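Read it alongside the model.

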Amino acid sequence: MGSNIESATSSMASDLKPTGLKLFFKKLVQQRMLVIMSVPFLIWLFLFKYLPLWGWTTAFQKYRPAKSFSEQEWVGWDQFKFLFHDERFVRVLRNTLAQSTINLALGFITAITLALLLNELRGMLFKRVVQTVTYMPHFLSWVVAAGIIQATLAPDGIINLLMIKLGMIEKGQELLFLGIPKDFWTILGLGTVWKDLGWNTIVYLAAMATIDPAQYEAAEMDGAGRFRRMWNVTLPGIKSVIVVLLILNIGNLMESGFEAQYLLKNGMNIDYSENIDIFVLTYGINQSNFSLAVAAGMFKSLVSIVLLFIANSIAKRAGESRLF
């Protein structure tokens with residue numbers, strides 16, 4: 001009896017294997033156009049994302065471009081030890097995390113708030129004008145945007161003129177905002193919000209468009225006002241999108257940017273404006289210390305991966321939407 005059951009089980013298993021393969025190849029044939037379309041992307045992904053990982057070996061060498069790979073001097077963890085014992089790297093790590101956190105907080109709050117307000121507008125003409133005005137700065141390069149910010153915050157800029165008109169300061173006592181080191185993080189955060197606010201609302205507006213209008217009608221029949229409907233219907237309806245975007249942004253906390261900091265920094269605010277990317281350029285690439293540059297970039301990538309997994313794990317335990 002037992003042998004019959006085992007033989008039957010083995011025969012069933014053998015029958016399932018070809019069936020599974022047949023189904024796989026059938027699906028592959030049916031979706032062959034999608035497979036063909038994905039081939040260039042997979043090639044690009046391998047060439048520019050995975051193949052360059054071989055260059056991480058440079059972080060463990062005293063790399064010299066003129067020498068071949070076999071001739072390089074291996075120094076182990078020396079580059080990483082130098083990084084973590086260097087006061088400048090500790091400072092730029094602090095700046096990077098502070099700038100990213102401020103950008104994340106301000107960007108999320110303002111983008112969601114603007115999307116909620118735009119979603120409540122009934123006049124389509126005014127809504128489109130507001131959307132266009134808020135989208136436009138995103139298409140400016142940071143070179144132009146930084147020039148506008150510098151002109152606005154200059155001693156003869158509009159902010160100082162407005163403060164003089166309001167009696168907040170006397171003429172001749174104009175402030176050089178970009179010369180106040182501790183104000184740099186706030187200036188950068190507000191500048192980033194101004195530039196990307198409208199663009200960041202697109203995803204939230206698209207998510208709000210998928211909410212069933214019947215939910216708003218039911219809430220209105222129950223006596224919910226406009227703000228109550230926003231709180232109890234709109235925000236829960238886009239919660240999954242908010243959580244997923246929050247996870248992605250937490251994974252990018254080590255990416256605080258480069259152009260804005262590089263263009264707005266000066267000798268007076270460098271202690272608060274210099275981040276990891278500028279550190280890599282200044283003390284790594286410009287001084288031909290490529291091993292140090294790779295080590296700093298490697299550290300940044302690994303920390304980003306850890307942050308991404310932590311954020312995703314927290315969302316999973318909380319029962320929220322997650323990436324994987």
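Rings of Phe, Tyr and Trp count as a pair if their centres lie within 6.5 Å. On that basis, ring pairs join Phe 84, Phe 89, Phe 279, Tyr 283 and Phe 299 into a cluster. The model is predicted. The count of aromatic pairs comes to 17.

**Edge-to-face pair in the cluster**

- Phe 84 and Phe 299 form an edge-to-face aromatic pair. Their centres are 5.3 Å apart, with 75 degrees between the planes.
- Phe 84 belongs to helix H3 (residues 78–84), and Phe 299 to helix H15 (residues 290–317), so this pair ties together parts that are 215 residues apart in sequence.
- Is Phe 299 buried or exposed? Phe 299 has 16% relative accessibility, so it counts as buried, because buried means under 20% relative accessible area.
- Phe 84 is partly exposed, at a relative accessible area of 42%.

**Stacked pair**

- The ring centres of Phe 258 and Tyr 262 are 5.3 Å apart. Their planes meet at 20 degrees, so the pair is stacked; the cut-off for stacking is under 30 degrees.
- Phe 258 is partly exposed, with a relative accessible area of 28%.
- Tyr 262 is also partly exposed, with 41%.

**Charges over rings**

- Arg 88 lies over the face of Tyr 283, 4.2 Å from the ring centre. Tyr 283 is one of the residues in the ring cluster.
- Arg 94 has its charged end over the ring of Tyr 272. The distance to the ring centre is 4.8 Å.

**Annotated transmembrane regions**

- An unreviewed UniProt entry places the feature "transmembrane region" at residues 33–51, 97–118, 139–164, 184–209, 230–250 and 290–315.
- Residues 33–51 are 95% helix and 0% strand. The end C-alpha atoms of this span lie 26 Å apart.
- Residues 139–164 are 73% helix and 0% strand. Here the end C-alpha atoms lie 32 Å apart.

**Helix packing**

- Which way do H8 and H11 run relative to each other? Helix H8 (residues 184–208) packs against helix H11 (residues 239–251) at an angle of about 155 degrees. Angles over 145 degrees count as roughly antiparallel, so H8 and H11 are roughly antiparallel to each other.
- The axes of H8 and H11 are 9 Å apart.
- The crossing of H8 and H11 is right-handed.

How values were computed. Residues numbered from 1 in each chain as written. Predicted model: local features only at pLDDT ≥ 70, side-chain atom pairs only at ≥ 80, totals over all residues. Heavy atoms only, no water. Phe/Tyr/Trp six-rings, centres within 6.5 Å; stacked < 30°, edge-to-face > 60°. Helix = DSSP H or I, 4+ residues; strand = E, 2+ residues; numbered from the N terminus. Buried < 20%, exposed > 50% of the residue type's maximum accessible area, 1.4 Å probe, protein only. Lys NZ or Arg CZ within 6 Å of the ring centre and 35° of its normal. UniProt positions renumbered as here; feature names shortened; annotations may be inferred. Axes fitted to C-alpha atoms, helices over the stretch in contact; angles between N-to-C directions. Parallel < 35°, antiparallel > 145°, perpendicular 65-115°, else oblique. Left-handed = near helix turned anticlockwise from the far one by under 90°.
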